Amino acid sequence: MYKKPLVSILIASYNKEKYVKRCITSSLNQTYKNLEIIFVDDGSKDNSYQIAKKFKKIKVYKKKRNKFKSKFNTFFQINNYLYGFKKSKGKILTFLDSDDF
């Protein structure tokens, strides 16, 4: 019998509380069910982390915001994905911003 591979959805977040619930809900509602959802909050100053923690079926991590100053926010986003990658167990990885659904 063929077993479907585990897919890891890595969600990077920073101050996106307005979108977090919709993003996670849309990930949980996928028709493909062999999923792990990993939400990594990069020290948000809003309620993004608290909203994500309400979902029981996902892994939620909070990092301290890196003190490195960058005019490019993609640096922090890539670090969030790298952190999530290290925590993931999936054979297939997907990347999702917390304001996407």
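**Entry 1. Lys62.** I looked up Lys62 first, and at 41% relative accessibility Lys62 counts as partly exposed. I noted the cut-offs: buried means under 20% relative accessible area, exposed over 50%, and partly exposed in between, with a 1.4 Å probe and protein chains only.

**Entry 2. What I am looking at.** This is a predicted model, where local features need pLDDT of at least 70, side-chain atom pairs count only at pLDDT 80 or more, and totals for chains, interfaces and linings use all residues. Residues are numbered from 1 along each chain as its sequence is written, and side-chain values use heavy atoms, with hydrogens and water left out.

**Entry 3. The chain.** I found three helices and four strands in the chain. Starting at the N terminus, the order of elements is β-α-β-α-β-α-β. Helices (H or I, at least four residues) and strands (E, at least two) are DSSP runs, numbered from the N terminus. The chain has 101 residues, and 36% of them are buried. I also looked up contacts, meaning heavy atoms within 4.5 Å. Of the contacts in the chain with a separation of 6 or more, 68% are between residues 24 or more positions apart.

**Entry 4. Salt bridges.** I searched the whole structure and got four salt bridges. The term means a side-chain nitrogen of Lys or Arg within 4 Å of a carboxyl oxygen of Asp or Glu. Side chains of opposite charge can pair when their charged atoms come close.

**Entry 5. Asp41 and Lys62.** The side chains of Lys62 and Asp41 form a salt bridge, at 3.6 Å from N to O. Asp41 lies in strand S2 and Lys62 in strand S3, so the pair ties together parts 21 residues apart in sequence. Is Asp41 buried or exposed? Asp41 is buried, and its relative accessible area is 0%.

**Entry 6. Glu36 and Lys59.** In this salt bridge the closest N and O atoms are 2.8 Å apart. Glu36 is in strand S2 (residues 35-41) and Lys59 in strand S3 (residues 59-62), 23 residues apart, and the pair links distant parts of the chain. I checked both residues: Glu36 counts as buried at 8% relative accessibility, and Lys59 as partly exposed at 26%.

**Entry 7. Lys16 and Asp99.** Which residue forms a salt bridge with Lys16? I found Asp99, with the closest N and O atoms 3.7 Å apart. Lys16 sits in the loop between strand S1 (7-13) and helix H1 (17-28), and Asp99 in the segment after strand S4 (92-97), 83 residues apart. Lys16 is partly exposed, at a relative accessible area of 29%. Asp99 is partly exposed, at 30%.
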